[in-house]
Amino acid sequence: MKLILSLAPLFLSTLVASKSFLFGGNQQHPLADDNLSVPGDNPLNFCADPSDYILTIDNVDLDPNPPEKGKALTIKAKGNFTEKVEKDAYINLSVKYGVITLINTKADLCEQMKEVDESCPLEGAKDFTKDVTLPKEIPRGTYTVLADVYTKDDEHVTCLKATAHFS
C-alpha cells in the first residue's frame, strides 16, 4: 500500500512499498493506456489528463519492472508540486482483487510521505529513491489499485491507477 501512497504524492512510492506486493510477481502483465501512462518504467497510469493536477510527475522507475516476488524493488520517482500541499491532504485508496475490494480507505498524505523521508508542506521539485522487499506470497489473479490524492481543500493533487495480473 505504500507504493500507492508514496507514488501518489511524488508519483505514488508507498503504492509499491507497503502494499507493493500488489505489483510483485514474475507473471505481471499491466494493462496500460498509452495516452495516460505515467512516464518511466512502471505499470502506472493517470486516471485522467494530468495537466490539471498539482503534482507533475516527471518519471517513476521500478527496478526490476515488473517487480518480482521475494526480491528487492527499487522505486525512483521525480516530480514537481506546482502548488503547496499542506497538512490534512489525503489519499483515497482502493485495492481490488478481481471484483473483490480488499482495501477502500482514506489515508493522510503527510503521514505517508514520511515513508520516503518527506514532510508537509510539499512544494516544488521532489526526487526520491525507495528500496523495498516484496513478499514471496502473492495470490494469483488480477489486482486493480487506485490512489486519488487531494489537498485539504479538495483540490486534485494527482490520481494514479494500475492493473496487474499474476499467474
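**Notebook: sheet, core and disulfides**

I began with the sheet: three strands, ordered β2-β3-β6, form an open sheet with antiparallel pairing. β2 and β6 are the edge strands with a single partner each, so one side of each has no neighbour in the sheet. Neighbouring strands here are turned by 10° against each other on average, direction ignored. I noted the terms. Strands pair if DSSP finds at least two bridges between them. Helices (H or I, at least four residues) and strands (E, at least two) are DSSP runs, numbered from the N terminus. Axes are lines fitted to C-alpha atoms, for helices over the stretch in contact, with angles from 0 to 180 degrees between N-to-C directions.

The model is predicted: local features need pLDDT of at least 70 and side-chain atom pairs pLDDT 80 or more, while totals for chains, interfaces and linings use all residues. Residues are numbered from 1 along each chain as its sequence is written, and side-chain values use heavy atoms, without hydrogens and water.

Next I checked β3 against β6. They pair in the antiparallel sense over 11 bridges. I picked out phenylalanine 81, whose bridge partner in β6 is glycine 124.

Then the core. I found 34 residues in the largest nonpolar core, with Val60, Val85 and Leu109 making the most contacts inside it. Elements that each supply at least two of its residues include β2, β4 (90–97), α3 and β7 (141–150). The largest share, 5 residues, comes from β3. The term covers buried Ala, Val, Leu, Ile, Met, Phe, Trp, Tyr and Cys residues joined through side-chain atoms within 4.5 Å.

Last, the disulfides (cysteine sulfur pairs within 2.5 Å). I count 2 disulfides by this rule.

Cysteine 47 is joined to cysteine 159, S to S 2.0 Å. Cysteine 47 lies in the loop between β1 (45–46) and β2 (55–63), and cysteine 159 in strand β8 (residues 156–166), so the bond ties together parts 112 residues apart in sequence. The link is left-handed, with -65° about the S-S bond. Cysteine 47 is partly exposed at 25% relative accessible area; cysteine 159 is buried at 4%. Buried means under 20%, exposed over 50%, partly exposed in between (1.4 Å probe, protein chains only).

Cysteine 110 and cysteine 120 form a disulfide with sulfur atoms 1.8 Å apart. Cysteine 110 sits in helix α3 (residues 109–113) and cysteine 120 in the loop between α3 and β6 (122–133), 10 residues apart. This link is left-handed, at -95°. Cysteine 110 is buried at 9%; cysteine 120 is partly exposed at 23%.

In sequence order, the bonded cysteines pair 1-4, 2-3.
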